[in-house]
Amino acid sequence: VVRDIRSKMHLAPMGGKTRVFLLDEVSRATTDFQNAMLKLLEDTLPFVYFILATTEPMKLLSTIRTRATEVKLLPLDARIMIELIDRVATAEEIVLTGEVKDKIVTTAEGSPRKALVLLGQVASVSGEEDQLAVIEASAGSPTAIEIARALMKRSPWSTVAKLLKECQDDPESVRHVVLGYFGSVMLGGGKTARRAFEVVDIFSKPFYDSKKAGLVAACFEAIEGA
């Protein structure tokens, strides 16, 4: 991608005065990609503009952030979000209660894309309680969800410890993701319900005082104390 941009960015605009490159979710890019992009940003012509779209700017290299102008987009109004959810749910024949719609809107935090992702996740689940559990489990970051999955599989402590080191989320938000994830597992029943109950019990106390140390300790107990 960087090579392709480099080959085109020095070409004069056609039909306009500027040449714009839009990179979506750029925070997911590798460090090598970001370093390569940094070189392009340092060698940008006056008519070339880069839009680095992301919901997690803190994951960009600090050297990129200092060279960029941050423009925060306002979230969509809740009324508009409800209208979007209703329109898509009706077209896809997805049955939702008012509480589930409100939960999607709250969790999406004004992001229409996130709302549609959540809607797609609850589409295969019937019943208000199960749909709310799915939304709760999906509310966290990918790293928090990976931690929950690792606890479910009883992955080696070294694997869980690596995820915890990478996790920059608030410990309480991770705890809520874990509780939502395993609450959904318990509702599904089967052999995994007992394991889910054990983890929910371990994560029942908040980490307001213990913070990340409390999160690490709870994960350790869930893996080594089982």
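Visitor: How many helices and strands are there in the chain?
Guide: The chain has twelve helices and two strands. Helices here are DSSP runs of H or I with at least four residues, strands are runs of E with at least two, and both are numbered from the N terminus. This is a predicted model, where local features need pLDDT of at least 70, side-chain atom pairs count only at pLDDT 80 or more, and totals for chains, interfaces and linings use all residues. Residues are numbered from 1 along each chain as its sequence is written, and side-chain values use heavy atoms, with hydrogens and water left out.

Visitor: In what order do the elements run from the N terminus?
Guide: They go α-β-α-β-α-α-α-α-α-α-α-α-α-α.

Visitor: And what box do the C-alpha atoms fill?
Guide: Roughly 65 × 45 × 30 Å, taken along the principal axes.

Visitor: What share of the 226 residues is buried?
Guide: Buried residues make up 35% of them. Buried means under 20% relative accessible area, exposed is over 50%, and partly exposed is in between, with a 1.4 Å probe and protein chains only.

Visitor: Let's zoom in on α2. Which of its residues are buried?
Guide: Helix α2 covers residues 31-41, and its buried residues are Phe33, Gln34, Met37, Leu38 and Leu40. They cover an arc of only 160 degrees around the axis, so they sit on the same side of α2. That arc is taken from the directions from the helix axis to the C-beta atoms.

Visitor: What's on the face turned away from that buried side?
Guide: The exposed residues Asp32 and Lys39.

Visitor: Where is Arg154 found?
Guide: In the loop between α8 (142-153) and α9 (157-166). Arg154 counts as partly exposed, at 43% relative accessibility.

Visitor: What about Lys211, what is its phi?
Guide: Positive too, about 55 degrees, although Lys211 is not a glycine. Lys211 belongs to helix α12, residues 211-224. With 52% relative accessibility, Lys211 counts as exposed.

Visitor: Last one. Where is Asp102 found, and how exposed is it?
Guide: Asp102 is in helix α5. Its relative accessible area is 45%, so Asp102 is partly exposed.
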